[in-house]
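I opened a new notebook page for this structure. Below are my entries, in the order in which I looked things up.

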Amino acid sequence: MNDAFRGMRISSSGLTAERLRMDTIASNVANASTTRGEDGKPYVRKIAVFQENLQKEIDKSTGTYKTSFNGVKAVALVDDTSPLRRVYDPSHADADAEGYVTMPNVNITNEMADMIASTRAYEANVNSINAQKSMFSKALEIGK
């Protein structure tokens with residue numbers, strides 16, 4: 001019976017991962033024009049990094065290790081290493097001596113594309129959970 005809800009746990013981990021991804025994208029969009037943060041430097045785009053969540057268990061019947069997949073987990077929020085943009089705007093408060101302002105490495109078009117992909121993945125996980133709930137419900141009706 002423990003494996004009966006594995007699909008829901010996997011989809012749930014996907015929901016959690018995509019929510020973090022969407023929050024990260026929203027932060028990137030909100031800071032697309034932030035030229036000076038608390039550290040005095042421009043905002044640097046963040047990327048959510050995920051990895052598969054594997055669990056090793058001992059198979060009692062054979063005495064060997066069995067690896068099971070339990071969805072995904074967030075492992076880090078890392079800075080994007082792409083170069084920061086330089087924009088000529090001598091009237092800007094953060095312009096250097098040559099009149100250039102160092103801007104964040106956030107591309108709004110790419111962020112919107114990532115947001116759409118993340119939204120679709122979130123919806124797919126919701127649909128998966130709803131399908132599993134429906135199957136459990138039908139199975140309970142059969143047992144009546």
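I began with terms: helices (H or I, at least four residues) and strands (E, at least two) are DSSP runs, numbered from the N terminus. I noted that this is a predicted model, in which local features need pLDDT of at least 70, side-chain atom pairs count only at pLDDT 80 or more, and totals for chains, interfaces and linings use all residues. I also noted that residues are numbered from 1 along each chain as its sequence is written, and that side-chain values use heavy atoms, with hydrogens and water left out.

**Entry: G7**
I looked up G7 and found it in helix α1, residues 6-30. For exposure I used this rule: buried means under 20% relative accessible area, exposed over 50%, and partly exposed in between (1.4 Å probe, protein chains only). G7 has a relative accessible area of 28%, so it is partly exposed. I then took the C-alpha to C-alpha distance from G7 to N125, which is 10.0 Å, although 118 residues separate the two in sequence.

**Entry: R19**
R19 also sits in helix α1. Its relative accessible area is 55%, so I wrote R19 down as exposed. Between the C-alpha atoms of R19 and R6 I found 20 Å, for 13 residues along the chain.

**Entry: R45**
Is R45 buried or exposed? At 14% relative accessibility, R45 counts as buried. I then listed its contacts, where contact means heavy atoms within 4.5 Å. With neighbours within four places in sequence left aside, R45 touches N28, V78, D79, D80, N105, V106, E111 and D114.

**Entry: aromatic pairs**
A pair of aromatic rings is described by the distance of the centres and the angle of the planes. The rule I used pairs rings of Phe, Tyr and Trp (its six-membered ring) if their centres lie within 6.5 Å; planes under 30 degrees apart count as stacked, over 60 as edge-to-face and the rest as tilted. How many aromatic pairs does this rule give? The count is 2.

I looked at F5 and F136, whose rings are 5.0 Å apart centre to centre with 50° between the planes, a tilted pair. F5 is in the segment before α1 and F136 in helix α2 (residues 108-142), so this pair ties together parts 131 residues apart in sequence. F5, at 36% relative accessibility, is partly exposed, and F136 is partly exposed at 28%.

I turned to Y88 and Y100, which form an edge-to-face pair with 5.3 Å between centres and 65° between planes. Y88 belongs to strand β3 (residues 85-88) and Y100 to strand β4 (residues 100-103), so the pair ties together parts 12 residues apart in sequence. Y88 is exposed at 53% relative accessibility, while Y100 is partly exposed at 31%.

**Entry: the whole protein**
I counted 2 helices and 4 strands, and their order along the sequence is α-β-β-β-β-α. The radius of gyration is 23 Å, well over the 15 Å that the globule rule gives for 144 residues, so the protein is more spread out than a compact globule. This radius is taken over C-alpha atoms, and the globule rule is 2.2 Å times the number of residues to the power 0.38. Along its principal axes the C-alpha trace spans about 75 × 40 × 20 Å. Of the 144 residues, 23% count as buried. Among contacts with a separation of 6 or more, 59% join residues 24 or more positions apart.
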